[in-house]
Amino acid sequence: MADKQINRMIADTFLKLADSLETGAQAPRAVIALTAMGSEHGEAELYQAAAMAAKQGIKVKVIGTQPATCPGVETVLISSEEEGHKALETLLDSGEAQGGVTMHYPFPIGVSTVGRVITPAKGKAMYIATTTGTSALDRVEGLVRNALYGIATAKACGVDEPTVGLLNIDGARQAEIQLQKLQTSGYPIRFASSGRSDGGAVMRGNDLLMGSCDVMVADSLTGNILMKMFSSYSTGGSYESVGYGYGPGMGENIDKLILIVSRASGAPVVKGAIEFAAELVRGEYKSVFEKEFKAAKQAGLDAIFAGCRAQKQAGEVTEAVVQPPKEVVTAEIHGIEILDLEDAVQALWKENIYAESGMGCTGPVILLSEAKEEQARSILLSKGYIGS
């Protein structure tokens, strides 16, 4: 076991013991880190959110430039957003915090965030799966993954049998067929029924407002727009005032609990995100996620994914490319179409430049060594993957 994992386990054990002695509680302790720099409303807005969450019994560590002045809130002082990102990673790696809330995080492909909103018709909470990131490069596979990510998130937050609906977008019908195969093979999915007269698990716009399902499945770009609409429809768009933010990054390729809020998120939404993070810690989200994927794979999930990819690649002839030796990747190249992302990485590999695909808040990114960034940009420009 890596030293980092051992240190995290030791720290978490001592924190649990301290919490049990102090309160008698046996639930996992929730210490949440919050990065404050970068908000369009100023750091003070996020300190206010931390204070509001602290009053709910959540311990918050704010990573910012000013010391906290309210009970239940600690401060990790930094002077730049880059320092803030490093401080967040350190707190999570050490186990001093069990979850983090931040405005930007470069999730790898395969990881995307599950948001939570309050639907206006009945005041019901609904999970939007997903809202940032990319679960898969194949659209149908991505939607199937999003459904599983949404189910796991809802269950970790106490929804025992979440109902699942698929927003009526491109790929929804194919994804529904694949999810039905999983259901037939033994994975327990409860499909929702549209509030419209013809019913069915494919949701209409009205169902968004009514909260016809617990988990609404959509691609992350659509989900991102929905989150912005639900959170700021009453404020004109410049201030997100309602909800819980864009949610946790879920996937098989991440070992930290990172939740996203927007630079436009106000104190009520940031407070909601902190509460969301604490719920996931108490609900042992990681164990829930692993249990759901294990059950889905026993029902043939891998074969379903392979079928999605095979259908996409039918008739295509791809050249095998050898991956160059791995390097530390600290530079990002933006502006690449998601469907071209892996091809762009392969183009760099052909030129013996090690690169990885990823997903930031603004879209797809290629991650690579700073020393090779200029050369890589030139190659990608010449091949039409990026603009000048």
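## Basis of the description

Buried residues are those under 20% relative accessible area, exposed residues are over 50%, and partly exposed residues lie in between, with a 1.4 Å probe and protein chains only. The model is predicted, and local features need pLDDT of at least 70, while side-chain atom pairs count only at pLDDT 80 or more and totals for chains, interfaces and linings use all residues. Residues are numbered from 1 along each chain as its sequence is written, and side-chain values use heavy atoms, with hydrogens and water left out.

## Salt bridges

A salt bridge is a side-chain nitrogen of Lys or Arg within 4 Å of a carboxyl oxygen of Asp or Glu, and the structure holds 19 of them. Helices (H or I, at least four residues) and strands (E, at least two) are DSSP runs, numbered from the N terminus. In helix α5 (residues 172-184), Arg173 and Glu176 stand 3 residues apart, about one turn of the helix, and they form a salt bridge whose closest N and O atoms are 3.9 Å apart. Arg173 is partly exposed, with a relative accessible area of 47%, whereas Glu176 is buried at 13%.

Between Glu252 and Lys297 the side chains also meet in a salt bridge, at 2.9 Å from N to O. Because Glu252 lies in the loop between β12 (247-250) and β13 (258-260) and Lys297 in helix α9, this pair ties together parts that are 45 residues apart in sequence. Glu252 is partly exposed, with a relative accessible area of 39%, and Lys297 is likewise partly exposed, at 37%. Within helix α3 (residues 81-94), Lys86 and Glu82 are 4 residues apart, about one turn of the helix; their salt bridge has its closest N and O atoms 3.7 Å apart, and both residues are exposed. A network of salt bridges links Glu89, Asp93, Asp255 and Lys256.

## Aromatic pairs and charges over rings

Rings of Phe, Tyr and Trp (its six-membered ring) pair if their centres lie within 6.5 Å, and planes under 30 degrees apart count as stacked, over 60 as edge-to-face and the rest as tilted. By this rule the count comes to 6 aromatic pairs. In one of the pairs, the ring centres of Tyr105 and Phe107 are 5.1 Å apart and the planes stand at 50°, so the pair is tilted; both Tyr105 and Phe107 are buried. Tyr149 and Phe289 form a tilted pair as well, with 5.8 Å from centre to centre and 45° between the planes. Since Tyr149 lies in helix α4 and Phe289 in helix α9 (residues 285-298), the pair ties together parts that are 140 residues apart in sequence, and both Tyr149 and Phe289 are buried.

One aromatic cluster is formed by Tyr127, Tyr244 and Phe276. A charge sits over a ring if NZ of Lys or CZ of Arg is within 6 Å of the ring centre and within 35 degrees of the ring normal. Arg116 lies over the face of Tyr244, at 4.0 Å from the ring centre, and also over the face of Phe276, at 4.4 Å from the ring centre.

Thr153 has its place in helix α4 (residues 139-156) and counts as buried, at 0% relative accessibility. Its side chain reaches the backbone oxygen of Tyr149 at 2.8 Å. With contact meaning heavy atoms within 4.5 Å, and residues up to four places away in sequence not counted, Thr153 touches Val114, Tyr127, Pro248, Met250, Phe276 and Leu280.

Val269, placed in helix α8 (residues 267-282), is buried, with a relative accessible area of 1%. Leaving aside neighbours within four places in sequence, Val269 is in contact with Glu240, Ser241, Val242, Gly243, Tyr244 and Gly245. The C-alpha atoms of Val269 and Tyr244 are separated by 5.2 Å, although these residues are 25 residues apart along the chain.

## Helix α12

In helix α12 (residues 373-382), Ala376, Ile379 and Leu380 are buried. Seen down the axis of α12, the buried residues fall within an arc of 95° (taken from the directions from the helix axis to the C-beta atoms), so they line one face of the helix. Glu374 and Ser382, on the other side of α12, are exposed. Just after α12, Gly384 takes a positive phi of about 80°.

Note on methods:
Polar contact = N/O pair within 3.5 Å; in protein donor to acceptor, adjacent residues only side chain to side chain.
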